[in-house]
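I opened my notebook beside the viewer today and wrote down what I looked up, entry by entry. Please follow along in the structure as you read.

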Amino acid sequence: MNFEYSDEQQQLADSLRKYLAQAYGFEQRKAILQSAAGSSAQAWATFAEMGLTAIALPEADGGFGGGAVELMPVMEACGEALVVEPLLDHVGLAARLLARAGSEAQRAALLPAAIDGSSVLTLAYLEPGQRYELVPQTTTARAEGSGWVLNGAKCVVVGAPLAARLLVSARTGDGVSLFVIDPRAAGVTLNPYRTVDGQRAADLRFAGVRLGADALLGRAGEALPLLDEAVDFATALQCADAIGAMQYANETTLDYLKTRKQFGVPIASFQALQHRMVEMFIHTEQARSMAILAASKVDAGVPAAERQRAVSGAKIKIADAARHVSQEAVQLHGGMGMTEELKISHTFRRLTTIGQRFGDADHHLQRYAGLG
Amino acid sequence: MDLNYSPEELAFRDEVRGWLAANLPAEIRDKVTGYRHLSKDDHLRWHKILAAKGWSVPHWPVEWGGTGWNITQRYIYDEEFGLAGAPMLAPFGPSMCASVLLRFGSDAQKQRFLPRIREGDDFWVQGYSEPGAGSDLAALKTRAERRGDHYIVNGQKIWTTLGHYGDWIFCLVRTDSAAEKRQEGISFLLIDMKTPGITVRPLILMDGGHEVNEVFFDDVKVPVENLVYEENKGWTVAKYLLGHERMGSGAVGSSKRELAALKVLAAREKRNGKPLLEDTRFRDRLTRVEVELDALELTSMRFLDRMRRTGQPPGADVSMLKIRGTEIQQALTELMMQAAGPQAQPFVAVDDGQVDPYVSRLSPRYFNYRKTSIYAGSNEIQRNIIAKMTLGL
C-alpha cells in the first residue's frame, strides 16, 4: 500500500505547476481565451517539451509507457490552473486510442507528431440528441470500393478546431468502427465554438466524406470495447482534473473566509460557514480517494466490469462533489463569487462542465447498477 | 502508487478471517447480524475467547499483553471483525481506561488493573457526560471532596453505555470548584461500582433497548489511591483520551457487511413485480451510499499510509472518518428499514410466525443508529475540530 506519487511524478507536477504559475496565471489565461485561436500554441509546445504528450503512450511508439496514475498529478495541476488546451482529449483519449487500435503504419504516421506536439488529435464520438451513448446512432460508414464513405454528425468534440486529425466513431453494419479523418477533407463541416469552461470545441457534419482503406482503425465493427475503455481512461483523468479544481476552490474560499470581514470580524469566525467549509474539504478528500481508485483500475488491465465499476463509482462521487464544492465556493464568496473578475467563477464553470462530461452522475448510477 | 495490501498483510488478513470463522460463537454472531443486544455474559465470553488467543488488547505494549501489530494490522483486525459480525470489545476498559493507565497510571495501578482488563475480569464503563455537560465536557459538576485517604463523590453521570454491566467506572470529577479555569479543577478517578451510594438507572432509548444509563453518586467513598495522575490534572488525561485511536471510527468493515445484507433484502422485496434492488429510485440511493463507502475505505487507507510514512498519529482531519462513517451507517439502517416497507412496522418480534423477527428489528435499528452522529464527539464537534485544527478557522 502506497498512496504517494513517485519522486519522478512529483517533480514533473512541480515543474508543470511552476510553468503554469509563470505563463498560465489567471490574467494570462484570460488573454489566451480572448485571442483569436482561443488557445496557447506556446503552452502546447511547452507541454510537449515537458513530455506530457508522451506519458501515456507505449514506449514502442516513442512514449513513456505510463498510464492514468502517471497523468494524475499533471491533470490536477491543469485543473487548478483551468488549462483550456485539449491535453486530456489529445493525450488521454485520441492518441492513446490510436496507439491501441492503430496498425503499425498508422501509428508511425501519426504518433510522432502527436508526441512532439506538432499535431493535435481528438476523438469525435458524441452525437446530437444521444447524450452519452457510445454506439453511434446517426454516423455511418459504408464500404465503397477499397475505402469508406462517412455520413452523419458529431457534437461537442473538444479540441476539434485545433486538431490535425480526428478519430471518429461510426456504425458499420451491425458494429462500431473507428476512422481517422482529416477535418479539412471534402464533406466535413466544422461549427466551432467555445465551451462554457473556455475550451475550444466544435460540432461536426459529415456528408459523403470519402475515406481510404487506411482510415479504418483496427478491425471493422469491433471498436466498441476499445471506445468504452478509452472513454473510461479519459474519465479517470477528468476526475483528477476535478480534484485540482476543487483543491483550488477550497484553498481560495478558505483564504477568502479568513480575510473578508463583516460585523467587524473575519467571516471565518462564523460556525455556519466553518462547517460548510469542512464539508467542502471532506467531499474533496472522498472524491480524491475515488479518483485514485479510478486511475489505478484503468491502468491495471482488470476485467471491463471491474474497471467500469471503479470509473463509474468515481464519476458519481466526483460529479456530486464537484457540484457541492463549486456551489458552496461561490456562495461563501458572496456576490464577488458571481463575477468574472474572480477565478472562482471560472472554476465553478469548469467543475460544472466536469459534472456533465463523460457521463453525468445519473448516467454512471445507471451503469454502476447494471454491473450487479 | 499501490492501493493493495502487501502479501504479508493479506496473509495476516486471512489469518484473522480464518480464526474468526472458527472461533466466533454462532450465537454471538447471530445476535450481532440480527441486530439484537448482547448480554454481559456474551461480552465476557467473547472477551475470554480473545484473551485466550492473546488478541484481547492488540494495541497495548507487548510487555502488557499487546500483539506488537503495526497500525495496518490493527486496522485489518478491526475491519475483519466488522465483516465477520464479531462484536468489538466494549472500548471503555481495553481501549480507553487502559490507554490512560498506560500513559498516566502509577505502577501499582497498572499492576492492579491492566491484567484484569486484558483478561476480561472486570467490565469497565465510562463516566464522562453529565446532564449539563455534553459537548461542553468541562462544565461537569460531579464533586469529589478529599477526606483524609478518601474522596467523597456526589453527583450524576449520564449516557453511561452498558453502565448496568459495569464493575468499574472511570470518571471525570471536580476536585476544585474555585479553580480560575474550570478545566483546572478536574480529576480522573477510578470507582468500584459495588461501592455503596451508587445507583444505576436505565435510560430506555427509542428503539426500546436498554443500552445507556444514568449513574448517581451519593456520598460514594473512593480511596485516594484510585486517583489517576495528579489531582486537578484530569483534563490533561481526558484530552489525551479524546485524541486517541480514531482510525476505526469509519466502521468500514461492518458497513460493508450491512451493505451486503441490504442487497440481499432488496433483492427479495418486490416493487412493481421486480426486485426492489432493480428499482431505479431505490437503487440510486443505495449506489450513492456504496460509492461513499468505497471512498471511505480508500480514505482510511490513505490515513494509514500517511501514518506509516510519517510515524505520526493520524491528525485532526481523521475526524472525517467519524463523520462520513456514521453518515453511511445511518443511511444503511434507513435504507434497510425502507427496503422492508410496511413490514418494518411491527415493533416487537412476536413468535406466532407471522412476523419475520429479522425484519422487525430494522426500524429499531434505524432508531438506535441515530446515536452514532451524536456519540463519541458529535459530528458537529468533529467539524469544529477539522475547522480549527486542519483548516485554521
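**Entry 1: where the chains meet**

I started with the contact between the chains, which takes 28 residues from chain B and 27 residues from chain A; I count two residues as in contact if their C-beta atoms, placed from the backbone, lie within 7 Å. On the side of chain B that touches chain A, helix 9 (280–310), helix 10 (319–340) and helix 13 (379–390) of chain B each supply at least two residues. Helices here (H or I, at least four residues) and strands (E, at least two) are DSSP runs, numbered from the N terminus. Helix 9 of chain B brings the largest share of that side, 14 residues. I sorted the residues of the side of chain B that touches chain A into 14 nonpolar, 4 polar and 10 charged. For that sorting, Ala, Val, Leu, Ile, Met, Phe, Trp, Tyr, Cys and Pro count as nonpolar, Asp, Glu, Lys and Arg as charged, and the others, Gly among them, as polar.

A note on ground rules: this is a predicted model, where local features need pLDDT of at least 70, side-chain atom pairs count only at pLDDT 80 or more, and totals for chains, interfaces and linings use all residues. Residues are numbered from 1 along each chain as its sequence is written, while chains are lettered from A and ligands numbered from 1 in the order in which they are written.

**Entry 2: helix 9 and helix 10 of chain B**

I stayed with helix 9 of chain B, whose axis comes within 10 Å of that of helix 10 of chain B, the two crossing at roughly 150 degrees. The axes are lines fitted to C-alpha atoms, for helices over the stretch in contact, and angles run from 0 to 180 degrees between N-to-C directions. The two helices are therefore roughly antiparallel; angles under 35 degrees count as roughly parallel, over 145 as roughly antiparallel, 65 to 115 as roughly perpendicular and the rest as oblique. Helix 9 of chain B passes helix 10 of chain B in a left-handed crossing, meaning that the near helix is turned anticlockwise from the far one by less than a right angle, with clockwise for right-handed. Among the residues that meet, I noted B:Leu286, B:Val289 and B:Leu293 in helix 9 of chain B, and B:Ile328, B:Ala331 and B:Leu335 in helix 10 of chain B. The residues of this contact divide into 9 nonpolar, 3 polar and 3 charged.

Next I looked at helix 5 (residues 92–104) and helix 6 (residues 107–119) of chain B, whose axes come within 10 Å and cross at roughly 165 degrees. That makes helix 5 of chain B roughly antiparallel to helix 6 of chain B. Their crossing is left-handed. The contact includes B:Cys97 and B:Leu101 of helix 5 of chain B and B:Phe113 and B:Ile117 of helix 6 of chain B.

Helix 1 (residues 7–23) and helix 4 (residues 71–84) of chain B also have axes that come within 10 Å, crossing at roughly 35 degrees. This crossing is right-handed. Of the residues in that contact, 6 are nonpolar, 2 polar and 4 charged.

**Entry 3: the nonpolar cores**

Which residues touch the most other members of the largest nonpolar core? Of its 169 residues, they are A:Leu98, A:Leu167, A:Phe179, A:Ala291, A:Ala294 and A:Ile318. A nonpolar core is a set of buried Ala, Val, Leu, Ile, Met, Phe, Trp, Tyr and Cys residues joined through C-beta atoms within 7 Å. Helix 7 (residues 224–259) of chain A gives the most to this core, with 17 residues. A second, separate core of 47 residues includes B:Cys97, B:Leu101, B:Tyr151 and B:Leu190.

I then picked out A:Phe179, in strand 5 (residues 175–181) of chain A. A:Phe179 is buried because 26 other C-beta atoms lie within 10 Å; 20 or more make a residue buried, 12 or fewer exposed, and numbers in between partly exposed, with C-beta atoms placed from the backbone. A:Phe179 and A:Leu216 are 37 residues apart in sequence, yet 4.6 Å apart in space, C-alpha to C-alpha. Leaving out residues up to four places away in sequence, A:Phe179 touches A:Trp148, A:Leu150 and A:Val168, among others.

**Entry 4: positive phi**

Last, I checked B:Asn232, where phi is near 70 degrees, a positive value in a residue other than glycine. B:Asn232 lies in the loop between strand 8 (227–228) and helix 7 (234–242) of chain B.
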